[in-house]
Amino acid sequence: MGDLYDKEHIARVFDAYGDQEWNRHESSPMARVSFHIHLHYLRQFVRQGDLVLEVGAGAGRFTVELARLGARVTATDISGVQLDLNRMHVTEAGLEDQIEAWAEADVVDLVDFADGSFDVTSCFGGPLSYAMDRVDDAVHELLRVTKPGGLVLVSVMSNMGTLRAYLGSLAEEWESYGAERWQAIFETGDLPAEQSSTGRMHMYRWAELRDLLERHGADVVAASAANFLSAGTGDLSEAWLPDPARWEQFLDWEVSASSEPGALDGGTHIIAVIRGRT
């Protein structure tokens, strides 16, 4: 990972990104599936009354769902604009009483939170991928603020899965960036800023993510791709949407397929649920 973590740049990017962060979860069937599978793991591992720290909460899609589960949520983000949007969406949903606090926070240094403060820590989406060379600091902090025996839920951008999902557009961009650039992305997972709408990031392979988490003394409780059947299938997935019953069946298939060991590298994100060793 040659690029250094740049907190101020990421904050500016997501300030400018605005409510696209809220809307992106419904932008395509693949995005809808990703949201559903992330939510599946929240529902499986978060209990009513849990104290939850949400890191990289963004505009509030998962904050709303955590509140609906009855969790007591501290919602944090590196972007002040995203936090304002988060507060707005949570309030519109009538769930503001479930929020302990909204606070700006940096995943690599959660200095405002004491050791073992939360039953569950959730870090879905991009924070670990954007942490770049400081990702070990980030994982350490996520585990540190979680109670002994508590759970940390993370997701990262997937290297192989993203290439699989966007192979068509990659072919269109081949001439713009050249074969050497794409070979480097394939081998390292490092995506330069000019090829990303949200700035430079590191995309993971499952084995790499597992090794990162385990070297911090964490046990992997569950793992999944964020989507598998729908990744890169476009119109084929769209055809399932008009019939609600058939779409629900498709989502069930996705949850099952995406957790298969052979599928973990096959979606746009990789999800992991971990427990720190006591």
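Trainee: At what angle do helix α3 and helix α4 pack, and how far apart are their axes?
Mentor: Two packed helices are described by the angle between their axes and the distance between the axes. In this predicted model, α3 (residues 29-45) and α4 (residues 61-68) pack at about 35°, with axes 11 Å apart.

Trainee: Is the crossing of α3 and α4 left-handed or right-handed?
Mentor: The α3 and α4 crossing is right-handed.

Trainee: Which residues of α3 and α4 meet?
Mentor: From α3, take Phe-35, His-38, Leu-39 and Leu-42. They meet Arg-61, Phe-62, Glu-65 and Leu-66 of α4. Five residues of this contact are nonpolar, one is polar and two are charged.

Trainee: Now the core. Which residues touch the most other members of the largest nonpolar core?
Mentor: Leu-110, Leu-128, Leu-142 and Leu-209 do, in a core of 47 residues. A second, separate core has 37 residues. Val-33, Tyr-41, Leu-42 and Ala-75 are among them. Note Leu-42: this residue also takes part in the meeting of α3 with α4.

Trainee: What is Leu-110 in contact with, leaving aside its neighbours within four places in sequence?
Mentor: Its partners are Leu-53, Val-55, Ala-105, Glu-141, Leu-142, Arg-144 and Val-145.

Trainee: Take Arg-144 from that list. Is Arg-144 buried or exposed?
Mentor: Arg-144 has a relative accessible area of 18%. The cut-off for buried is under 20%, so Arg-144 counts as buried. Arg-144 lies in helix α7, residues 135-144. A polar contact of 2.7 Å joins its side chain to that of Glu-141. Beyond four places in sequence, Arg-144 is in contact with Leu-110, Val-111, Phe-113, Ala-114, Asp-115 and Gly-116.

Trainee: How do I read backbone phi? What is the phi of Met-132?
Mentor: Most residues other than glycine have a negative phi. Met-132 is not a glycine, yet its phi is positive, about 50°. Met-132 sits in the loop between α6 (127-130) and α7. Its relative accessible area is 1%, so Met-132 is buried.

Trainee: Another loop residue, then. Where is Pro-192 found?
Mentor: Pro-192 is in the loop between β6 (190-191) and β7 (201-202). Pro-192 is buried too, because its relative accessible area is 17%.

Trainee: What does Pro-192 touch, not counting residues up to four places away in sequence?
Mentor: Pro-192 touches Arg-181, Ile-185 and Arg-200.

Trainee: How many residues apart in sequence are Pro-192 and Ser-34?
Mentor: They are 158 residues apart in sequence. In space, Pro-192 and Ser-34 are 23 Å apart, C-alpha to C-alpha.

Notes: Residues are numbered from 1 along each chain as its sequence is written. This is a predicted model: local features need pLDDT of at least 70, side-chain atom pairs count only at pLDDT 80 or more; totals for chains, interfaces and linings use all residues. Side-chain values use heavy atoms; hydrogens and water are left out. Helices (H or I, at least four residues) and strands (E, at least two) are DSSP runs, numbered from the N terminus. Buried means under 20% relative accessible area, exposed over 50%, partly exposed in between (1.4 Å probe, protein chains only). A polar contact is a pair of N or O atoms within 3.5 Å; within protein, one must be able to donate a hydrogen and the other to accept it, and residues adjacent in sequence count only if both atoms are side-chain atoms. Contact means heavy atoms within 4.5 Å. Axes are lines fitted to C-alpha atoms, for helices over the stretch in contact, and angles run from 0 to 180 degrees between N-to-C directions. A crossing is left-handed if the near helix is turned anticlockwise from the far one by less than a right angle, and right-handed if clockwise. Ala, Val, Leu, Ile, Met, Phe, Trp, Tyr, Cys and Pro count as nonpolar, Asp, Glu, Lys and Arg as charged, and the others, Gly among them, as polar. A nonpolar core is a set of buried Ala, Val, Leu, Ile, Met, Phe, Trp, Tyr and Cys residues joined through side-chain atoms within 4.5 Å.
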